Amino acid sequence: MGQPQQQEGTETRTETGTDAGSDTGKPPLRVGMVGYAFMGAAHSQGWRTAGRVFDLPLNPELAVICGRDAGAVRAAADRHGWAATETDWRALVERDDVDLVDICTPGDSHAEIALAALAAGKHVLCEKPLANSVAEAEAMTRAAEQAHGRGQVAMVGFNYRRVPATALARRMVAEGRLGRLRHVRVAYLQDWLVDPQFPLTWRLRREQAGSGSLGDLGAHIVDLAQYLVGEPLAGVSALTETFVRERPLPGGPTSGLSAVSTVGTGAVTVDDAALFTGRFASGALASFEATRYATGRKNALRIELNGERGSLAFDLERLNELSYHDGTEPGGHAGFRRILVTEPDHPYLDAWWPPGHGLGYEHTFVHQARDLVHAVAEGRRPDPSFADGLQVQRVLAAVEESAEKNSVYTPIAA
Ligand SMILES: NC(=O)c1ccc[n+]([C@@H]2O[C@H](COP(=O)([O-])OP(=O)(O)OC[C@H]3O[C@@H](n4cnc5c(N)ncnc54)[C@H](O)[C@@H]3O)[C@@H](O)[C@H]2O)c1
């Protein structure tokens with residue numbers, strides 16, 4: 001669990017005077033964010049931009065940012081446009097001028113921060129995977145359900161639902177354009193661990209990350225597959241592997257994806273790759289591959305759905321495109337066609353650029369902020385909720401259990 005980096009009673013509050021919000025005349029939604037590195041920067045972009053692109057019922061304000069190093073968090077506040085800083089997340093959670101706590105830290109602190117934030121009456125956005133264990137995710141979901149009765153909202157950050165092309169794919173599946181689904185084929189491929197000298201950052205430590213490729217990349221593709229299909233997985237059969245078991249230890253400042261220097265070596269305690277097959281209750285078969293060893297593949301999240309009436313295919317490295325095959329067309333002219341997902345009637349696109357001008361990775365965080373602001377204003381459960389995050393956590397646990405038992409088919413707990 002995350003530790004405060006200060007003595008009790010020590011003043012950590014710093015007002016930077018940054019003009020973080022815009023004067024829209026709408027009620028504010030004052031955000032307090034914990035963590036300011038990779039996801040901290042991405043979420044800052046989302047909060048900064050959402051109210052300037054979309055017509056929102058509340059005005060997101062970048063109120064307070066928290067990190068453990070006072071100098072570094074102040075620099076992050078200045079860079080990303082946050083009004084004030086804290087060096088202890090507990091102080092941030094208790095502040096009266098924070099309405100929503102946004103958790104952008106490694107998984108070992110998600111449960112503690114989320115539970116404290118919900119108890120303090122805040123709305124919560126928590127990065128994926130929701131927690132490091134099913135037990136933590138269950139406690140978070142229980143707390144979120146109770147808090148919902150008090151008008152609070154809790155969302156987990158599966159941002160790939162918010163690529164316009166994946167949201168369009170969901171719409172087309174729900175419209176029945178693919179008919180009954182037979183196959184769901186998913187892979188999330190990266191290659192940043194191919195070098196055995198890559199340092200042993202928190203992402204390679206079970207006590208901090210919960211698991212490796214499985215919880216990082218696998219969580220995304222399990223959520224995306226279930227979202228697109230519209231139902232949960234019933235069971236899985238899995239293989240996991242740790243290819244490089246000893247790596248250099250970070251010697252100085254480190255993030256999940258880098259270290260300035262190294263000293264000695266330590267044991268990798270998470271999976272490097274996870275492969276699993278799965279079954280949906282409706283009968284569709286699924287295959288999943290999550291790896292950080294796909295040499296040459298940087299952030300290739302690929303998904304293909306085959307149904308009785310048609311197929312869809314998506315690749316995150318070409319995220320403005322969706323491939324669609326209409327299986328009801330006459331054979332002579334049939335084939336996959338490329339839908340350029342930039343039209344104003346495509347999901348999220350009415351607020352953006354003219355057709356063909358394209359969006360990127362960071363826009364998923366703008367859309368996430370937009371959708372969460374609407375859920376808060378309307379007092380409804382957001383998609384994906386903590387309950388959705390818990391269900392993904394149960395799939396991850398079933399994958400690990402299956403892999404430990406020589407790939408035995410393992411049902412997902414309801
Ligand atoms: N949605 C996505 O596409 C996506 C992508 C990357 C990471 N993530 C998730 O986001 C989370 C963070 O990952 P990251 O890549 O941003 O990590 P990171 O290492 O880049 O940043 C982690 C941040 O958390 C801070 N931190 C750690 N413990 C803390 C504590 N106790 N109190 C205050 N600050 C603390 C660190 O100082 C740092 O600023 C993880 O859950 C990860 O799985 C999601």
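Visitor: In what order do the 9 strands of the open sheet stand?

Guide: This is a predicted model, in which local features need pLDDT of at least 70, side-chain atom pairs count only at pLDDT 80 or more, and totals for chains, interfaces and linings use all residues. Residues are numbered from 1 along each chain as its sequence is written. Helices (H or I, at least four residues) and strands (E, at least two) are DSSP runs numbered from the N terminus, and two strands pair if DSSP finds at least two bridges between them. In this open sheet the pairing is mixed and the order is β19-β18-β17-β16-β8-β15-β14-β9-β20.

Visitor: Which strands stand at the edges of the sheet?

Guide: An edge strand here has a single partner strand, so one side of it is left without a neighbour in the sheet. The two strands at the edges are β19 and β20.

Visitor: Which residue of β20 does Gly235 stand opposite?

Guide: β9 and strand β20 (residues 410–411) run antiparallel and are joined by 2 bridges. Gly235 stands opposite Pro411.

Visitor: How many bridges link β9 and β14?

Guide: Glu241 stands opposite Ala273 in β14. Strand β9 (residues 233–241) and strand β14 (residues 273–280) pair in the antiparallel sense, and the number of bridges is 8.

Visitor: How far apart are the centres of domain 1 and domain 2?

Guide: The bounds come from an automatic or database domain assignment, which gives domain 1 (14–159) and domain 2 (161–360 + 385–410). Taken over C-alpha atoms, the centres are separated by 25 Å.

Visitor: Which element gives the most to the side of domain 1 that touches domain 2?

Guide: With contact meaning that C-beta atoms placed from the backbone lie within 7 Å, 24 residues of domain 1 are in contact with 27 residues of domain 2. On the domain 1 side, α1 (38–53), α5 (134–148) and β7 (154–157) each supply at least two residues. The element that gives the most, with 6 residues, is α5.

Visitor: How many residues of that side of domain 1 are nonpolar?

Guide: Ala, Val, Leu, Ile, Met, Phe, Trp, Tyr, Cys and Pro count as nonpolar, Asp, Glu, Lys and Arg as charged, and the others, Gly among them, as polar. By that division the side has 3 charged residues and 5 polar ones, while the nonpolar number is 16.

Visitor: What covers the buried residues of α6?

Guide: In helix α6 (residues 164–174) the buried residues are Pro164, Ala165, Thr166, Ala167, Leu168, Ala169 and Val173. What covers them includes β16 (300–307), β17 (310–315), β18 and α8.

Visitor: Is Tyr348 buried or exposed?

Guide: Tyr348 lies in the loop between β19 (337–340) and α9, and its phi is positive, near 70 degrees, in a residue other than glycine. Because it has 21 C-beta neighbours inside 10 Å, Tyr348 counts as buried.

Visitor: And Asn406, buried or exposed?

Guide: Asn406 also has a positive phi, near 55 degrees, and its place is in the loop between α10 and β20. With 9 C-beta neighbours inside 10 Å, Asn406 counts as exposed.

Visitor: What is omega for the cis peptide bond that joins Asp383 and Pro384?

Guide: Pro384 lies in the loop between α9 (363–378) and α10 (386–404). The bond from Asp383 to Pro384 is cis, with omega about -5 degrees.

Note on methods. Two residues are in contact if their C-beta atoms, placed from the backbone, lie within 7 Å. A residue is buried if 20 or more other C-beta atoms lie within 10 Å of its own, exposed if 12 or fewer, and partly exposed in between; C-beta atoms are placed from the backbone.
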